[in-house]
Amino acid sequence: QSSPKPPPSPSPLRNSKFFQSNMRILISGGAGFIGSHLVDKLMENEKNEVVVADNYFTGSKDNLKKWIGHPRFELIRHDVTEPLLIEVDQIYHLACPASPIFYKYNPVKTIKTNVIGTLNMLGLAKRVGARILLTSTSEVYGDPLIHPQPESYWGNVNPIGVRSCYDEGKRVAETLMFDYHRQHGIEIRIARIFNTYGPRMNIDDGRVVSNFIAQALRGEALTVQKPGTQTRSFCYVSDMVDGLMRLMEGDDTGPINIGNPGEFTMVELAETVKELINPSIEIKMVENTPDDPRQRKPDITKAKEVLGWEPKVKLREGLPLMEEDFRQRLGVPKNK
Ligand code: NAD
Ligand code: UDP
Ligand code: UDP
């Protein structure tokens, strides 16, 4: 049994004095919701060059419009299921549809994105000696039998269900990350992201917070899927980006849960949106989809200890920030 090979150092040119303090960072899926907020934050540091690779399946150039043409920014139309040959120092690997309606739309493509896409990003990391961070998901815990979920929990996942392309896909992606780490000495970081919300979410992507806000602004009934007692814990996107960057810069491989432990039933969420945005709308119960997890809440002890991170924005503070963005995009002014 041979011991892990040390990763190659980045190319000699990138080790030269000229580049020393600069960092070239690839964000796969950087045109999406979380990715574009991460781009904004990384671009604030003048030492960073940011490269986004995205196939625009669920993301859009619009999310990055303020950076297009910037000398430290580059946008590549690229599908991560194909090899990518570029020179970078760090990789944030986000590319993957995150909303159930999009990841179920073409499940075979979703699992290819998770498996082949992650393999390609790891091959790239290996060739250039880059550190790579995977955005995994709380869905790796499936319909959890332990509550809240610590990282040590192995999960309760249906391998043949309609969500499996996503949750089993991410589980394989995590396995690939650890195998490249153990076998090739690649520096890896794994974040297990819990439900995240904020400006730039796709308006009609079917996720619960974006659905409820869009419905409230359009004056439509809020659709709570049965039974309505199922819970989720919602993290505002600026907290998420802060957690991901701390994980990338820190020494721990993870997996580390990043999410907000504030837990709400879907009925409570609907009532909060109604109260904050449009008290005159109805809340109606509708049919649910298969394999919907009944409860979900991160145990963030490890993130606190290892990253010194915890979320700052409460749901009641974050929802109005998202409302602003949705009003602009839907063209619904405040006092219509
Ligand atoms: P998103 O759908 O807004 O962004 C995903 C981006 O990846 C999009 O820009 C999309 O076009 C791109 N993409 C998809 N398939 C691709 C492919 N084959 N090649 C290149 N690009 C591709 O989703 P998001 O909410 O920003 O999620 C980002 C990451 O975080 C995903 O990996 C997701 O699994 C993970 N995550 C998100 C949440 C959440 O609540 N938002 C929760 C858990 C995990
Ligand atoms: N790969 C890539 N960019 C690179 C290097 C590799 O996209 O800069 C892809 C490569 O095409 C392969 C995958 O990453 O499909 C895994 O690469 P690795 O070198 O680990 O395995 P191998 O090519 O030996 O199968
Ligand atoms: N949900 C809901 N109404 C909607 C959309 C979703 O009640 O219009 C529920 C859904 O049944 C699930 C929760 O909200 O229990 C979160 O769903 P989402 O698709 O946002 O994320 P995920 O299931 O991936 O956590």
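This is a predicted model: local features need pLDDT of at least 70, side-chain atom pairs count only at pLDDT 80 or more; totals for chains, interfaces and linings use all residues.
Entry 1: The model holds an open sheet of 7 strands, arranged 3-2-1-4-5-6-11, and the pairing is parallel. I then looked up the edges. Strand 3 (73-77) and strand 11 (256-258) each have a single partner strand, so one side of each is left without a neighbour in the sheet.

Entry 2: I checked how strand 11 is attached. Strand 6 (residues 188-193) runs parallel to strand 11 and is joined to it by 3 bridges. For Ala 191, I found Ile 256 of strand 11 as the bridge partner.

**Entry 3: helices on the sheet.** I next examined helix 2 (residues 33-43), which packs on the sheet and touches strand 1 (23-28), strand 2 (48-54), strand 3 and strand 4 (90-93). The direction of helix 2 makes about 165 degrees with that of strand 2. Helix 5 (residues 164-184) lies across strand 5 (131-137) and strand 6, and I recorded an angle of about 155 degrees to strand 5.

**Entry 4: ligand 1.** I listed the surroundings of ligand 1 and found 28 residues, the closest being Gly 29, Gly 32, Phe 33, Thr 58 and Gly 59. At least two residues of this shell come from each of helix 2, helix 4 (107-128) and strand 5. Helix 2 gives the most, with 3 residues. By class, I noted 12 nonpolar, 14 polar and 2 charged residues in the shell around ligand 1.

**Entry 5: ligand 3.** I repeated the search for ligand 3, which is surrounded by 14 residues; Arg 207, Val 208, Asn 211, Gln 225 and Met 266 are the closest. Helix 6 (208-218) and strand 8 (222-225) each supply at least two residues of this shell, and strand 8 has the largest share, 3 residues. The shell around ligand 3 divides into 4 nonpolar, 7 polar and 3 charged residues.

**Entry 6: the core.** Which residues touch the most other members of the largest nonpolar core? I found Ile 91, Ile 132 and Ile 213, in a core of 75 residues. Helix 6 provides the largest share of this core, 7 residues.

Conventions. Residues are numbered from 1 along each chain as its sequence is written. Chains are lettered from A and ligands numbered from 1 in the order in which they are written. Two strands pair if DSSP finds at least two bridges between them. Helices (H or I, at least four residues) and strands (E, at least two) are DSSP runs, numbered from the N terminus. Two residues are in contact if their C-beta atoms, placed from the backbone, lie within 7 Å. Axes are lines fitted to C-alpha atoms, for helices over the stretch in contact, and angles run from 0 to 180 degrees between N-to-C directions. A residue is near a molecule or strand if its C-beta atom, placed from the backbone, lies within 6 Å of it. Ala, Val, Leu, Ile, Met, Phe, Trp, Tyr, Cys and Pro count as nonpolar, Asp, Glu, Lys and Arg as charged, and the others, Gly among them, as polar. A nonpolar core is a set of buried Ala, Val, Leu, Ile, Met, Phe, Trp, Tyr and Cys residues joined through C-beta atoms within 7 Å. A residue is buried if 20 or more other C-beta atoms lie within 10 Å of its own, exposed if 12 or fewer, and partly exposed in between; C-beta atoms are placed from the backbone.
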